[in-house]
Amino acid sequence: VHLSEAVRNLIENSIIYTPKGNVSVSLNRAGDTITLAVQDTGIGITAEDKTRLFTQGGRGRDSSRINVDSTGYGLVFVKAVAEAHHGSVRADSPGLGQGSTFMLELPATQSAQ
């Protein structure tokens, strides 16, 4: 269910919110879990903004300054896709101005339905 669009959304967000610096993407498997990590050196995420990230319209307080086209629904879409694939998505950031990492975790195998 739209997995490639979810991955593209995470990568594009990191590029948009990293006006200068780096974005890296890694894919790892540990046991039965595959983790896609998108890490950037961008604007980072405040603790307050983290609580809203994966909710409808839940963009960061200052995100519209960086991305005027942001609707706040991209990460909600990513979360829905992750959950449809029996996985999850989360974000980590040391704080404002310190970059962020988004991790999409999916089961390596899915039972036939």
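**Briefing: an antiparallel sheet and an aromatic pair**

Strands β3 and β4 are paired in the antiparallel sense, over five bridges. The model described here is predicted. The protein contains four helices and four strands, and along the sequence they follow the pattern α-β-β-α-α-α-β-β. Of its 113 residues, 37% are buried.

**The sheet**

- The four strands form an open sheet in the order β1-β2-β4-β3, with antiparallel pairing.
- At the edges stand β1 and β3 (88–92), each with a single partner strand, so one side of each has no neighbour in the sheet.
- Direction ignored, neighbouring strands of this sheet are turned against each other by 15° on average.
- In general, strands of a sheet pair through backbone hydrogen bonds, and the pairing is either parallel or antiparallel.
- One of the contacts in the sheet involves alanine 91, whose bridge partner in β4 is phenylalanine 102.

**The aromatic pair**

- A search of the whole structure finds one aromatic pair.
- The pair is formed by phenylalanine 54 and phenylalanine 102, with ring centres 6.4 Å apart.
- The planes of the two rings are at 70°, and an angle over 60 degrees counts as edge-to-face, so this pair is edge-to-face.
- Phenylalanine 54 lies in the loop between α2 (47–50) and α3 (63–66), while phenylalanine 102 lies in strand β4 (residues 100–107).
- The pair therefore ties together parts that are 48 residues apart in sequence.
- Both phenylalanine 54 and phenylalanine 102 are buried.

**The surface**

- Ile15, Val23 and Val25 make a nonpolar surface patch of about 230 Å².

- Proline 19 is placed in the loop between α1 (3–16) and β1.
- With a relative accessible area of 63%, proline 19 is exposed, because the cut-off for exposed is over 50%.
- Proline 19 and threonine 41 are 22 residues apart along the chain, and their C-alpha atoms are separated by 9.0 Å.

Methods
Residues are numbered from 1 along each chain as its sequence is written. This is a predicted model: local features need pLDDT of at least 70, side-chain atom pairs count only at pLDDT 80 or more; totals for chains, interfaces and linings use all residues. Side-chain values use heavy atoms; hydrogens and water are left out. Patches are made of residues with over 30% relative accessible area and no salt bridge: like charges are joined within 9 Å, nonpolar side chains (Val, Leu, Ile, Met, Phe, Trp, Tyr) within 5 Å. Accessible areas come from the Shrake-Rupley method with a 1.4 Å probe; for residues, only the protein chains shown count as cover. A salt bridge is a side-chain nitrogen of Lys or Arg within 4 Å of a carboxyl oxygen of Asp or Glu. Rings of Phe, Tyr and Trp (its six-membered ring) pair if their centres lie within 6.5 Å; planes under 30 degrees apart count as stacked, over 60 as edge-to-face and the rest as tilted. Helices (H or I, at least four residues) and strands (E, at least two) are DSSP runs, numbered from the N terminus. Buried means under 20% relative accessible area, exposed over 50%, partly exposed in between (1.4 Å probe, protein chains only). Two strands pair if DSSP finds at least two bridges between them. Axes are lines fitted to C-alpha atoms, for helices over the stretch in contact, and angles run from 0 to 180 degrees between N-to-C directions.
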